[in-house]
Amino acid sequence: MRITCPLCGSRDRREFYYYGAADYLARPAEGAGLEAWDAYLHLRDNPAGMTKDLWYHEAGCSAWIEVTRDTTSHAVLSSRLVAAVESADLPGRSAPARKKAAPRKKKGTS
Amino acid sequence: MVSLIATDVFHGLLPVLQGPLQLAAATPARITSVMPFRGRAGAVQTALGRMGLGLPEPGQSREGKAAAILWSGRGQAFLLDADPEPLAGIAALTDQSDAWAVMRLTGPGWDQVLSRLVALDLRPSGFPEGAVARSGLNHMNALFRRLADGVEIWVFRSMAATAVEELAGAMARVAARG
Ligand SMILES: [Zn+2]
């Protein structure tokens, strides 16, 4: 199995550490109800087909990556950096310089 | 300031010679990791530009007159043999001079040596001069930089002896094939 790191390119799966479902990126807001936290921590789908999960490029560039793959064919369909996703979503972090930067630079600043 | 006597990171294990292959010590005198603060990549780029360098793109490096800079991971670069003072306040700077053991593997067949230890296509055709990659040297986290006549291999200082043993073994096996 090979995973494409957005920074390093196609790499052997052994370079990566598996974390879990990409649901971990959708952290409930401060003060969210117990149900939201329960769902965030414990409730997961178990799809036959497309799924998204988090991998860490441990023996590589140290980036967290969201990988989209197919559980029935084992095909790795796409991958993207978690940092770029997060920084765009966090309040107060949309400095103009970041928007102007090329995608790769953007990651470098987060 | 107290001046301490530096110890050879390879403890006399290098150089290793095997037929036309050579493994030699090449740890830079000064290594500083540079991680631009959020939104300050442009300022870092400008400051490095004044030093005759720049922020390298992923998998790239830049060579100045006396200094050099290597991409070393997401949002990070290693500044070599230069005073990082101009970057103070705009990037997180960490002195890593004593943290790495750096070797240069040269001679015809160096790529065959690495292919026994690295799950990466580092042949000259796919890994041109100046290119950098983070990957594993067998089970060790490593950094590779392509040189004109070979490759530079970086491992954590604590892994120096293991790295030399692995590389020397692979060199012997490649050399034995003639
Ligand atoms: Zn990577």
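This is a predicted model: local features need pLDDT of at least 70, side-chain atom pairs count only at pLDDT 80 or more; totals for chains, interfaces and linings use all residues.
Chain A has four helices and six strands. Read from the N terminus, its elements follow the order β-β-β-α-β-β-β-α-α-α. The chain has 110 residues, of which 34% count as buried. One residue in a strand of this chain is T51(A), found in β4, which covers residues 50–56. T51(A) has a relative accessibility of 17% and therefore counts as buried, the cut-off for buried being under 20%. T51(A) and T71(A) are 20 residues apart in sequence, and their C-alpha atoms are 7.0 Å apart in space.

The nonpolar interior comes next. In soluble globular proteins, nonpolar side chains tend to be buried together. The largest nonpolar core here has 33 residues, and those with the most contacts inside it are M103(B), L105(B), L114(B), L137(B), F144(B), I153(B) and L167(B). Two or more residues each come from the strands β2 (21–25), β8 (100–106), β9 (132–137), β10 (140–147) and β11 (150–156) and from the helices α2 (110–115) and α3 (160–176), which belong to chain B. The largest share, seven residues, is given by α3(B). There is also a second, separate core of 23 residues, which includes C5(A) and L81(A) from chain A together with I31(B) and L70(B) from chain B.

The helix α3(B) has 17 residues. From its first C-alpha to its last it reaches 24 Å, close to the 24 Å expected at 1.5 Å a residue. Its buried residues are A160(B), A163(B), V164(B), L167(B), G169(B), A170(B), M171(B) and V174(B). One of these, L167(B), is also among the residues with the most contacts inside the largest core. After the helix comes G178(B), with a positive phi near 75°.

Charged side chains also pair up, and over all chains there are eight salt bridges in the structure. In chain A, the side chains of D12(A) and R14(A) meet in one of them, at 2.8 Å from N to O.

In chain B, R104(B) forms a salt bridge with E152(B), and their closest N and O atoms are 2.9 Å apart. Because R104(B) lies in strand β8 and E152(B) in strand β11, this pair ties together parts of chain B that are 48 residues apart in sequence. R104(B) is partly exposed, at a relative accessible area of 35%, while E152(B) is buried, at 1%. E152(B) also forms a salt bridge with R145(B), with the closest N and O atoms 3.1 Å apart. In this second pair, R145(B) and E152(B) are both buried. Through shared partners, salt bridges join E63(B), R104(B), R145(B) and E152(B) into one network.

Where is empty space left? Rolling a probe the size of a water molecule over the atoms shows this. About 340 Å³ of space lies in the largest pocket. Its lining is made up of 16 residues, and those closest to the centre are A6(B), T7(B), S97(B), D98(B) and R157(B). By type, the lining divides into nine nonpolar, four polar and three charged residues.

Some backbone details of chain B remain. In the segment before β1 (16–18) lies P15(B), which is joined to L14(B) by a cis peptide bond with omega of about 5°. H11(B) is also placed in the segment before β1. The phi of H11(B) is positive, near 50°, in a residue other than glycine. H11(B) counts as exposed, with a relative accessibility of 62%. N138(B) is not a glycine either, and has a positive phi of about 55°. This residue is found in the loop between β9 and β10 of chain B, and N138(B) is partly exposed, at 43% relative accessible area.

Another loop residue of chain B is A29(B), which is found between β2 and β3 (31–36). At 70% relative accessibility A29(B) counts as exposed, because the cut-off for exposed is over 50%. A29(B) and L14(B) are 15 residues apart in sequence, and their C-alpha atoms are 17 Å apart in space.

Definitions and conventions. Residues are numbered from 1 along each chain as its sequence is written. Chains are lettered from A and ligands numbered from 1 in the order in which they are written. Side-chain values use heavy atoms; hydrogens and water are left out. A nonpolar core is a set of buried Ala, Val, Leu, Ile, Met, Phe, Trp, Tyr and Cys residues joined through side-chain atoms within 4.5 Å. Buried means under 20% relative accessible area, exposed over 50%, partly exposed in between (1.4 Å probe, protein chains only). On a 1 Å grid over the protein atoms alone, a cavity is a set of points where a 1.4 Å probe fits but cannot get out, and a pocket is an open set with protein on both sides within 12 Å along at least five of seven lines; lining residues have an atom within 4 Å of a point. Grid points are joined across faces, edges and corners, and a volume is the space filled by probe spheres set on the points. Ala, Val, Leu, Ile, Met, Phe, Trp, Tyr, Cys and Pro count as nonpolar, Asp, Glu, Lys and Arg as charged, and the others, Gly among them, as polar. A salt bridge is a side-chain nitrogen of Lys or Arg within 4 Å of a carboxyl oxygen of Asp or Glu. The expected span of a helix is 1.5 Å times one less than its number of residues.
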